[in-house]
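Open the structure in a viewer and keep the selection tool at hand. The stops below say what to select next and what is there.

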Amino acid sequence: MTKNSIDTRNMLILHDKKNLKEQEVWLYDAYRKILSKIIKIASNPSSSIDPFASEYIGKNSVKINPNYHNSLLEITSYFWASKAGRGTLLQKTIGLLAGSKADQDVYLSEFLNEMIKTNGTLKGKISTKFKKKFDLINVNNDTLIILEIKNRVDSGGTSGRREALKKFFEVCDNIENNIIAFTDSSSDKEYTLPELLEKLGIKKLEMLMGLFYNIKGGQAKLEDDKKYGFYSESKSLIEKYGQGHLGINYDSDKLKINFDKDNITFIIQTIYGSDSTKKFTGGKLTLDKVFKSVFPKSWDDIWLALNTGIEQRRILLENKTNHILEIQRLYNENPSFKTKLKEFRQNNSSLFELVNTMQKNIDPLLHSYTDQDVADCLYLCARFIR
């Protein structure tokens, strides 16, 4: 074996977190969670697919290489069902790039409490009736902006649209019903939400649902939502709410509601593509900037984990062992291998020595696999073997 016979991999998971930027740390944490789960599935001899699901997808009828199909379904079903933390990563990145006033995954009540503390003229806390969690909240000049995000026009289905708009509607119901949002503990003066916002210098509250991408990967537009998304569900919800409340102006075709209450303008609207991030940040942030912030370069972690995980699961089902289990065995039994694996974790050195050791000491059932197969498994597992 020569060093040129093995392709090196650029793995974020093998970097020292202390040397990473904040966005890279978030990506590192997401990758770590995914890779650890894939390794667990790939090295578990028991199937995670129940009998009904097996028959439903036709797995039991596969005659050629059934173990490959089993491993493919088990590994990929986890990945897509979990959405791989992409939504959370988007929230965090947009929140960071939006500026010091923005927050992500936050309750409206908590955000307003922080505004009250900063204001300095009021004392007390917001009513729990306004304890509703949103993806992102920000203040731009005299506008308070709430943004619920969907990665694609078809994300979450109809239930995703209902859940987001329902939260917006509940805020509007509290406004319409003059629900007390805050009582100043020093003066006992009560404030509805519009009265409190005016006291805090806010003139407008915008509640936005942002749909970022269409199903082909381009930035979403209204036409994409009509053709491939759940526009009709949003339109129906806007119409129903608008018709049931006096004093509310609505345009169901544009998925927009607006009304004024006690000198404050309130808006509910669905917006698309970079218009979502621009609106949230006062025009300074596009989806391209978000993308480049998270991915200044490409990493091999996920595609390598999926490819290697599927193959390792197939090998385990056929042979009752695989390279993952062999790495764990050698780590526990071979002090030199253990030392070299720690070196590989820390600085990417010793890969070729590790591959050589494995090829010489591996279970005979695994002798047919290449140095690259072994190396890729080391890249996948090195961070997690203990």
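Which kind of link joins the side chains of Lys 235 and Asp 253? Select both residues: they form a salt bridge, with 3.0 Å from N to O. Keep in mind at this and every later stop that the model is predicted. Lys 235 sits in helix α9 (residues 231–243), while Asp 253 belongs to the loop between β7 (249–251) and β8 (256–261). The two residues are 18 apart, and the pair links distant parts of the chain. Both ends are partly exposed: Lys 235 has a relative accessible area of 24%, and Asp 253 has 42%.

Next, select Glu 170 and Lys 132. Their closest N and O atoms are 3.1 Å apart, in another salt bridge. Glu 170 is in helix α6 (residues 157–176) and Lys 132 is in the loop between α5 (108–119) and β2 (133–140), so this pair ties together parts 38 residues apart in sequence. Glu 170 is partly exposed at 26%, whereas Lys 132 is buried at 17%.

Move to helix α13 and select Glu 326 and Arg 329. Their side chains meet in a salt bridge of 2.8 Å, N to O. The residues are three apart in the helix, which means that about one helical turn separates them. Glu 326 is buried, with a relative accessible area of 6%, but Arg 329 is partly exposed at 27%.

Now select Ile 327. Leaving out residues up to four places away in sequence, its contacts include Phe 337, Leu 341, Met 358 and Leu 378. The largest nonpolar core has 54 residues, and Ile 327, Phe 337, Leu 341, Phe 344 and Leu 378 touch the most other members. Among the elements that give two or more residues to this core are α1 (22–42), α12 and α13 (323–333). The most comes from α1, with 11 residues. A separate core of 47 residues includes Leu 108, Ile 116, Ala 220 and Ile 248.

Select α12, residues 301–319. Its 19 residues reach 26 Å from first C-alpha to last, close to the expected 27 Å. Of these residues, 14 are buried. Just after the helix, Lys 320 takes a positive phi of about 65 degrees.

Go to Met 11, in the segment before α1. Met 11 is buried at 3% relative accessible area. Its contacts beyond four places in sequence include Leu 35, Trp 299, Leu 304 and Tyr 379.

Phe 52 is in helix α2 (residues 51–56) and is exposed, at 66%.

How values were computed
Residues are numbered from 1 along each chain as its sequence is written. This is a predicted model: local features need pLDDT of at least 70, side-chain atom pairs count only at pLDDT 80 or more; totals for chains, interfaces and linings use all residues. Side-chain values use heavy atoms; hydrogens and water are left out. Helices (H or I, at least four residues) and strands (E, at least two) are DSSP runs, numbered from the N terminus. The expected span of a helix is 1.5 Å times one less than its number of residues. Buried means under 20% relative accessible area, exposed over 50%, partly exposed in between (1.4 Å probe, protein chains only). A nonpolar core is a set of buried Ala, Val, Leu, Ile, Met, Phe, Trp, Tyr and Cys residues joined through side-chain atoms within 4.5 Å. Contact means heavy atoms within 4.5 Å. A salt bridge is a side-chain nitrogen of Lys or Arg within 4 Å of a carboxyl oxygen of Asp or Glu.
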